[in-house]
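User: I'm new to reading protein models. Could you walk me through one, feature by feature?

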Amino acid sequence: MENFTYHNPTRIHFGRGQIKKISREIPAGARVLLLAGGGSIKKNGVYDQVKNALGARVTHEFFGVEANPDFDTLMQAVALARREKSDWVLAAGGGSVLDGAKFVAAAAPHAGDAWQIPVTHGAAITAPPLPLGAVLTLPATGSEANGNAVISRRAIKEKLAFHHPLVYPRFSILDPGTTLSLPARQIANGIGDAFCHVLEQYLTFPAAAALQDRFAESILKVLIDEGPKTLADPSDYDARANLVWAATWALNGAIGAGVPQDWATHAIGHELTALHGIDHACTLAIVLPGLMRVQRETKREKLTQYAARVWRLREGAGDARIDAAIEHTRAFYESLGIRTRLADYGLDAAETAAQVARRLAARGETALGERGDITPSRIEQILRLAA
Ligand code: NZQ
Ligand code: ZN
C-alpha cells in the first residue's frame, strides 16, 4: 500500500428531516448566499425546508446554476456575494450546484482572474475560501464530501476540474427523500457516475490494499443491486438511501487512499461534454469500455479480480473472462438507459477521437492513467472503439 494522509472534514447529516440541522451548522449571525439550480428545489419542498432552517439569517439567493456549472453564470453569483458581503455559502441541489458553490466560495475572496482557479486545478487559490455547506438532492458526484469541483466555460468550450482542501463542505445534508423527485435519467446518470468513480480508483494495478479493494467491490455491488431497484420503484426509500450513501463513499477519498488512480475516463469524458454537451455520466459510459480494452495489459490483474469478484465470472481463459467483464460493464450502463456508443449521440467516432486527442495533447495531457501511458494515440484508439 502507498503512504497516505486521510482527512475528510465534512460532517454528514443523513436521513429524513435532517435539513433542519442547518440551523445548528451555520452561525446565527452569518450572511448566507444560497445557491441553487433551475428550480427543482422549489418543486420538491427542499427550498421551504432550507428557508425554515435558515430562519432570520440574512440570506441572498442565487438561482440558475446550470448542469455543468458555467463560469460566466457563477461569476454573477460571485458579484452578488461580494456586493452583499456574504460570509457563508449554502448549496442546495445536485453536483453542479455544489461544485458551483465551491467555485463561488473560492472566487469571492480571490484577487485576480478567477478562471485561473480551475486552470491551475486549484493552485491559484491563496485567500481562504468562504465556508460552505450543502444540501444534496442528487446522488452521483460525491461533491458533498470531497474537495473537488468541475467548472465549465461554454464561451471557450472548456471544462476543468479543481481541488482544494478548503472547499470541502463543512457539512452536508443527505436526505434521500429529497432525491425522490429525480427523473429516471438523472437517477441513472448518478448510478453510472458513481460506478465509474469506483472503477477509476480500483481498476489500476494491485497495491496490496485489501480493504480498499473489498470496499470498492462492495460499493460496485451495491450500485448493481440497488440501482435497478431504484429505477424500477422510484418511491423505494431504502433503495434510494443505499444509493445516496454508496455514491458518497465512491468519491469521499476513502477507497482512493493508498492506491494508484486512473481518472483518464473522466478527463476524456469532460472533453466530450465541453465539445458536445453530453451528460457527464453518458460520456463515462462511452469512454470506459474502450479504455478497459485498450489498457487490458496494464490492468490485467485488476480486470481479472473485477471479473471474478464483482461479476462472479470465475470460469474460462483470462482474456475471455476480461472480455466478458467489459461487456457486463457496457451492458450495465445500457440497462440503466445510458447509451455507450458515440453514434448514439450522433457523433462520428474517428472524427471525435481525433478531435479529443488533439485537445488533450494541446493542454499537455499526454500521459494519463495510473502509469501515465494513456497517450494521445491511445485516447484516439479508445474513442474509436466507441463507434
Ligand atoms: O437545476 P435543477 O432545477 O436543480 O435540476 C437539476 C439538473 O437539471 C436536476 N435535479 C437535481 N436534483 C433534483 C433534480 N431534479 C429533480 N429532483 C431533484 N431532487 O438534475 C439535473 C442535473 O443536475 P446536476 O447537478 O448537473 O447533476 P450531477 O449531480 O450529476 O452533477 C454533474 C456535475 O458534477 C460534475 C460533473 O462534471 C458535472 O459538471 N462532477 C463533479 C465531481 C466532484 N465534485 O467531485 C466529480 C464528478 O466526476 C463530476 O465530474
Ligand atoms: Zn464523475
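User: Let's start with E217: in which helix is E217 found?

Analyst: Helices here are DSSP runs of H or I with at least four residues, strands are runs of E with at least two, and both are numbered from the N terminus. E217 sits in helix 8, residues 210–232. Before we go on, this is a predicted model, where local features need pLDDT of at least 70 and side-chain atom pairs count only at pLDDT 80 or more, while totals for chains, interfaces and linings use all residues. Residues are numbered from 1 along each chain as its sequence is written, chains are lettered from A and ligands numbered from 1 in the order in which they are written, and side-chain values use heavy atoms, leaving out hydrogens and water.

User: Is E217 buried or exposed?

Analyst: Buried means under 20% relative accessible area, exposed means over 50%, and partly exposed is in between, using a 1.4 Å probe and protein chains only. E217 counts as buried because its relative accessibility is 4%.

User: What does E217 touch, leaving aside neighbours within four places in sequence?

Analyst: Contact means heavy atoms within 4.5 Å. On that basis E217 meets Y202, Q305, R309 and V310. A polar contact is a pair of N or O atoms within 3.5 Å; within protein, one must be able to donate a hydrogen and the other to accept it, and residues adjacent in sequence count only if both atoms are side-chain atoms. The side chains of E217 and Y202 make one at 2.6 Å.

User: Now the ligand: which residues come nearest to ligand 1?

Analyst: A residue is near a molecule if one of its heavy atoms lies within 4 Å of it. There are 32 residues around ligand 1, and G38, S40, G95, S96 and H197 come nearest. A polar backbone atom of N148 is 3.0 Å from a ligand nitrogen, and a backbone N or O atom of T178 is 2.9 Å from one.

User: How much of ligand 1 does the protein bury?

Analyst: Accessible areas come from the Shrake-Rupley method with a 1.4 Å probe. Ligand 1 exposes 970 Å² taken alone, and the protein buries 88% of that.

User: Which domains does the protein have?

Analyst: Domain bounds come from an automatic or database domain assignment. Here it gives domain 1 (11–178) and domain 2 (183–384). Each of them supplies at least three residues to the shell around ligand 1.
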